[in-house]
Amino acid sequence: VFIQNLQVITNPEPVNGNARIRIKTFISNLSQQTVSMPVTASVDFEGKPCNIRFKQVVATLKENAQGIVVLEGELPATLVKYWQPDDPHLYKVKVIAGRDTFSTSFGIRTVKVEGIKLLLNGEAIRRGGCNRPLDYPGFGSLDPQQILEKDMQLIKQGNMDFSRISHYPVSEAMLDWADQHGMLIIAEAGN
């Protein structure tokens, strides 16, 4: 039994300043028996626990089955720090399902299009950016870490913090780099 992936969805509440945190946990049971296990989560910010109370869930998966477990909690306003390109605050979530642990980072932000304006956290933004196709001599559409970091640093040094990704699937390392360094990413239309 193992955690395949997590999806963290944040919903900041402008009235009280809190942020609802919803964690979708994708779990696989490759064993030949039905398994039940507790699934819990914790969130840290800058190495300090946020003390969000997630209701513990007991997941039961039949043999050779997959399932989704949803954990929900609320981050109090005093701990909410919005992700911004100039100040990319990231939280770390850790989910435990039985004996398996999976961690990932996430930011709290809202993105909305209103007419011709792009709103980030309710504020209209204007950003310079570029397209970044994956095609490097000798590597093709692969994204080796050293090439990825060099490209992304060059984009940021060119005062661009918005990039449209190409029609190839991008690596998680690229999306993590963008989150950590305050770069907005837009998927290609239709992907």
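**Charges, rings and sheets in a predicted model**

Q: To start with Glu114, how exposed is this residue?
A: Glu114 has a relative accessible area of 43% and is therefore partly exposed, where buried means under 20% relative accessible area, exposed means over 50%, and partly exposed lies in between (1.4 Å probe, protein chains only).

Q: Before we go on, what sort of model is this?
A: This is a predicted model, in which local features need pLDDT of at least 70 and side-chain atom pairs count only at pLDDT 80 or more, while totals for chains, interfaces and linings use all residues. Residues are numbered from 1 along each chain as its sequence is written, and side-chain values use heavy atoms, with hydrogens and water left out.

Q: Back to Glu114, which side chain does it meet in a salt bridge?
A: The side chain of Glu114 meets that of Lys112, at 3.7 Å from N to O; a salt bridge here is a side-chain nitrogen of Lys or Arg within 4 Å of a carboxyl oxygen of Asp or Glu. Lys112 is partly exposed, with a relative accessible area of 49%.

Q: How many salt bridges does the structure hold?
A: The structure holds 4 salt bridges, and one of them joins the side chains of Arg109 and Asp179, at 2.8 Å from N to O. That pair links distant parts of the chain, since Arg109 is in the loop between β10 and β11 (111–114) and Asp179 is in helix α2 (residues 172–181), 70 residues apart. The helices (H or I, at least four residues) and strands (E, at least two) are DSSP runs, numbered from the N terminus.

Q: Are Arg109 and Asp179 buried or exposed, or something in between?
A: Arg109 counts as partly exposed at 24% relative accessibility, whereas Asp179 is buried, with a relative accessible area of 15%.

Q: And which ring does the charged end of Arg109 sit over?
A: The charged end of Arg109 sits over the ring of Trp83, 4.4 Å from the ring centre, and the criterion is that NZ of Lys or CZ of Arg is within 6 Å of the ring centre and within 35 degrees of the ring normal.

Q: Speaking of rings, how many aromatic pairs does a search of the whole structure find?
A: The search finds 2 aromatic pairs, and rings of Phe, Tyr and Trp (its six-membered ring) pair if their centres lie within 6.5 Å, with planes under 30 degrees apart counting as stacked, over 60 as edge-to-face and the rest as tilted. Phe45 and Tyr91 form a tilted pair, at 4.6 Å centre to centre with 35° between the planes. Phe45 belongs to strand β3 (residues 35–45) and Tyr91 to strand β9 (residues 91–97), so that this pair links distant parts of the chain, 46 residues apart.

Q: Why is the pair of Tyr91 and Phe106 called stacked?
A: Their ring centres are 5.5 Å apart and their planes lie at 20°, so the pair is stacked. Tyr91 lies in strand β9 and Phe106 in strand β10 (residues 100–106), so the pair ties together parts that are 15 residues apart in sequence. Phe45, Tyr91 and Phe106 form one aromatic cluster, in which Tyr91 is buried at a relative accessible area of 1% and Phe106 is buried at 5% relative accessibility.

Q: Changing topic, in what order do the strands of the sheet with β14 run?
A: This open sheet of 3 strands has the order β14-β15-β16, with parallel pairing, where two strands pair if DSSP finds at least two bridges between them. Its edge strands, β14 (129–132) and β16 (184–186), each pair on one side only.

Q: How does the sheet with β1 compare in its pairing, parallel or antiparallel?
A: The pairing there is antiparallel, and 3 strands form an open sheet in the order β1-β2-β6, with β1 (2–12) and β6 (65–75) as edge strands that each pair on one side only. Strand β2 (residues 19–29) is joined to β6 by 11 bridges, and the bridge partner of Arg20 in β6 is Glu74.

Q: Which side chain does Arg20 meet in a salt bridge?
A: The side chain of Arg20 meets that of Glu13, at 2.5 Å from N to O. Arg20 counts as partly exposed at 41% relative accessibility, while Glu13 is buried, with a relative accessible area of 18%.
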